[in-house]
Amino acid sequence: TLISLKKYGKVKRGFIGVKMNYLSPGLAKKLGMKDNKGVIISSVISNGPAFKAGIKSKDVILNVNGVKIKNYRELIVNVSKIKIGKTVKISLWRDKRIVNVWVTVSERP
């Protein structure tokens, strides 16, 4: 971040373009999950990185580049550290199974 600050005059952070909610134990059970580890997507920003990768509302993000995501704070921290322009594998829970998508991280607007 210091390099980014010196080079661009600001700190550049990674962004995938999703709005998230807390995944309650009850909702996780309703979705067929064993526990409530992950982040449920409430909406996807049109034409953003997640949208282009096929992520949909009601998907649950389980991990990013092999790092397990337990809650929305972990998702924000992990994505913000990823180099802008890098493509990462995101594992989702969708329709009672794990789906993998590839997302190219952009700069947080």
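Okay, let's start with Ile45, which sits in the loop between strand 3 and helix 3. Before I go on, this is a predicted model: local features need pLDDT of at least 70 and side-chain atom pairs count only at pLDDT 80 or more, while totals for chains, interfaces and linings use all residues. Residues are numbered from 1 along each chain as its sequence is written, and side-chain values use heavy atoms, with hydrogens and water left out.

When I say helix or strand, I mean DSSP runs numbered from the N terminus: H or I of at least four residues for helices, E of at least two for strands.

Back to Ile45. The cut-offs are under 20% relative accessible area for buried, over 50% for exposed, and partly exposed in between, using a 1.4 Å probe and protein chains only. Not counting residues up to four places away in sequence, Ile45 touches Phe15, Gly17, Val18 and Phe51. Touching, or contact, means heavy atoms within 4.5 Å. And Ile45 and Lys56 are 11 residues apart in sequence but 9.8 Å apart in space, going C-alpha to C-alpha.

Now let's zoom out. The protein chain has four helices and eight strands, and from the N terminus on they run α-β-β-α-β-α-β-β-α-β-β-β. Of its 109 residues, 36% count as buried. Take the contacts between residues at least 6 apart in sequence: 51% of them join residues at least 24 apart. The accessible surface comes to about 7,000 Å², and 53% of that belongs to carbon and sulfur atoms; that is a Shrake-Rupley calculation with a 1.4 Å probe, where for residues only the protein chains shown count as cover.

How about confidence? The mean pLDDT of the chain is 90, and 90% of its residues reach 70 or more. pLDDT is the predictor's confidence in each residue, from 0 to 100. Where is confidence lowest? In helix 1, residues 2-8, at a mean of 50, whereas strand 6 has the highest, at 98.

On to the inside. The largest nonpolar core has 20 residues, and those with the most contacts inside it are Ile16, Ile55, Ile61, Val64, Leu75, Ile90 and Val101. A nonpolar core here is a set of buried Ala, Val, Leu, Ile, Met, Phe, Trp, Tyr and Cys residues joined through side-chain atoms within 4.5 Å. The elements giving two or more residues to this core are strand 3 (39-44), helix 3 (49-53), strand 4 (60-64), helix 4 (72-81), strand 6 (87-94) and strand 7 (97-104). Apart from this core lies another, of seven residues, among them Leu23, Ile40, Val60 and Trp93.

Leu75 is worth a look. Leaving aside neighbours within four places in sequence, Leu75 is in contact with Val18, Met20, Val39, Ile61, Val64 and Ile69. In helix 4, Leu75, Val79 and Ser80 are buried. Seen down the helix axis, the buried residues fall within an arc of 120°, so they line one face of helix 4; the arc is that of the directions from the axis to the C-beta atoms. On the other side, Arg73 and Lys81 are exposed. What covers the buried residues includes strand 1 (14-15), strand 2 (18-21), strand 3 and strand 4.

What caps the N-terminal end of helix 4? Asn71 does, with a side-chain oxygen 3.2 Å from the backbone nitrogen of Arg73.

Asn63, in strand 4, is buried, with a relative accessible area of 19%. Leaving out neighbours within four places, Asn63 is in contact with Lys68, Ile69, Lys89, Ile90 and Ser91. Then Arg94, in strand 6, counts as buried at 17% relative accessibility. A polar atom of the Arg94 side chain lies 2.9 Å from the backbone oxygen of Gly54. Beyond four places in sequence, Arg94 touches Gly54, Ile55, Lys56, Asp59 and Val99.

Last, some backbone angles. Most residues other than glycine have a negative phi. Lys58, though, has a positive phi, near 80°. Lys58 is in the loop between helix 3 and strand 4, and is exposed, with a relative accessible area of 63%. Asn65 also has a positive phi, about 55°. Asn65 is in the loop between strand 4 and strand 5 (67-68), and is partly exposed at 37%.

How values were computed:
A polar contact is a pair of N or O atoms within 3.5 Å; within protein, one must be able to donate a hydrogen and the other to accept it, and residues adjacent in sequence count only if both atoms are side-chain atoms.
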